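User: I have a model open and want to learn how to read its packing. Can you walk me through some features?

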Amino acid sequence: MPEVEIVEVGPRDGLQNIATFVPTETKVEFIRRLIDAGFKRMELGSFVSPSAIPQMRDMEEVIAALGPLPDDVRGMVLTPNLKGFQRAVAAGLENPIFVLSMSESHNQSNVRRSVDASIKDLAATLETMDPDRKLNVRVGLATCFHCPFEGVMEESVILKTIERIVSLRSGMDYTISDTTGMATPAHVRSLAEKCIAAFGDDASFGFHGHDTAGFGVANILAAREAGVTSFDTAAAGLGGCPFAPGATGNIPSEDIVYLFERLGVSTGIDLEKLLAAGVMITDASGAKIASHTQAIPRARLFADLNGTPPRDAQAN
């Protein structure tokens, strides 16, 4: 088994902020390329209001075109409310993501309700689940570190809110999220350690970051030092939250896969295929590539990955 899990969020969090509509067939090809690259868990898209996120208006069509995923691949979809959850279940999906913010201001901006109302909505959604269907619920905890409207968040407030959510049901999966990309490694490590210590017996925690301040890679390493082994990233560094002013793209999947493999940490991802998927989706969507790894000459990239200097270095 890979030592760390890289969760690909490009098809949802990566594409949602692109103004030009990406055709359904392009989204499907992107997802299939990511599966071929070795991702075992990824965000396929979101069941949200088309008026809020026009890019996701074809979710039913994407899911239908994809057909059944391989047995070892978990395709997740964001469902911000009960209606979205019902649409996802009707489409045959079993890995819903429920997102709520830790800050009141961002939750109002993102889903138009208070944090308390979102927690109650999550509780009501959990109660509607068919006990005979084994749904794997993931809860995305936005603005755990910094809010675009309120600034740096207090850990004690975050932990109290997480405690309320964890008490709803044991065994759920959570992502502590640096939604604005402004967290520092020290803050990430501190909160991750506290979450694992306080709730690790009832919940598992991943880290979702953005790279606005250039701390994305450092924050992932800090989270891993705290005991986190699952990390959200997006091919080519696509993304940016439409409801978090100033937030830039996700941490590039290529950069994290390349880093971990250079460190001798297995990810289970074929880097060459991942690089090709990133080029394909940016070419098709018009988005810019934000990955450092994409800019490295391929001969040098793979020579370094294999521990063999490229020929030009050997000659010198």
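Predicted model: local features only at pLDDT ≥ 70, side-chain atom pairs only at ≥ 80, totals over all residues.

User: Which residues touch the most other members of the largest nonpolar core?

Analyst: Leu 141 and Phe 207 do. That core has 89 residues.

User: Now a helix. Which residues of H5 are buried?

Analyst: The general idea comes first. An α-helix has 3.6 residues a turn, so residues three or four places apart point the same way. Now the case here. Helix H5 covers residues 104-111. Its buried residues are His 106, Asn 107, Ser 109, Asn 110 and Val 111. Viewed down the axis of H5, they fall within an arc of 165 degrees, so they line one face of the helix.

User: Which side chain does Ser 118 join through a polar contact?

Analyst: That of Asn 107, at 2.9 Å. Asn 107 is one of the buried residues of H5, while Ser 118 lies in H6.

User: Is Ser 118 buried or exposed?

Analyst: Buried. Its relative accessible area is 1%, and the cut-off for buried is under 20%. Beyond its neighbours within four places in sequence, Ser 118 contacts Phe 98, Leu 100, Asn 107, Val 111 and Arg 113.

User: On to rings. How many aromatic pairs are there?

Analyst: There are 4. One of them joins Phe 199 and Phe 205.

User: How do I describe such a pair?

Analyst: A pair of aromatic rings is described by the distance of the centres and the angle of the planes. For Phe 199 and Phe 205, the centres are 6.5 Å apart and the planes make 40 degrees. The pair is tilted. Phe 199 is buried, at 9% relative accessible area. Phe 205 is buried too, at 9%.

User: Which residues form one aromatic cluster?

Analyst: Tyr 174, Phe 199 and Phe 205.

User: Where does the charged end of Arg 57 sit?

Analyst: Over the ring of Phe 21. The distance to the ring centre is 3.8 Å.

Terms used: Residues numbered from 1 in each chain as written. Heavy atoms only, no water. Buried < 20%, exposed > 50% of the residue type's maximum accessible area, 1.4 Å probe, protein only. Helix = DSSP H or I, 4+ residues; strand = E, 2+ residues; numbered from the N terminus. Arc of directions from axis to C-beta. Core = buried A, V, L, I, M, F, W, Y, C linked by side-chain atoms within 4.5 Å. Polar contact = N/O pair within 3.5 Å; in protein donor to acceptor, adjacent residues only side chain to side chain. Contact = heavy atoms within 4.5 Å. Phe/Tyr/Trp six-rings, centres within 6.5 Å; stacked < 30°, edge-to-face > 60°. Lys NZ or Arg CZ within 6 Å of the ring centre and 35° of its normal.
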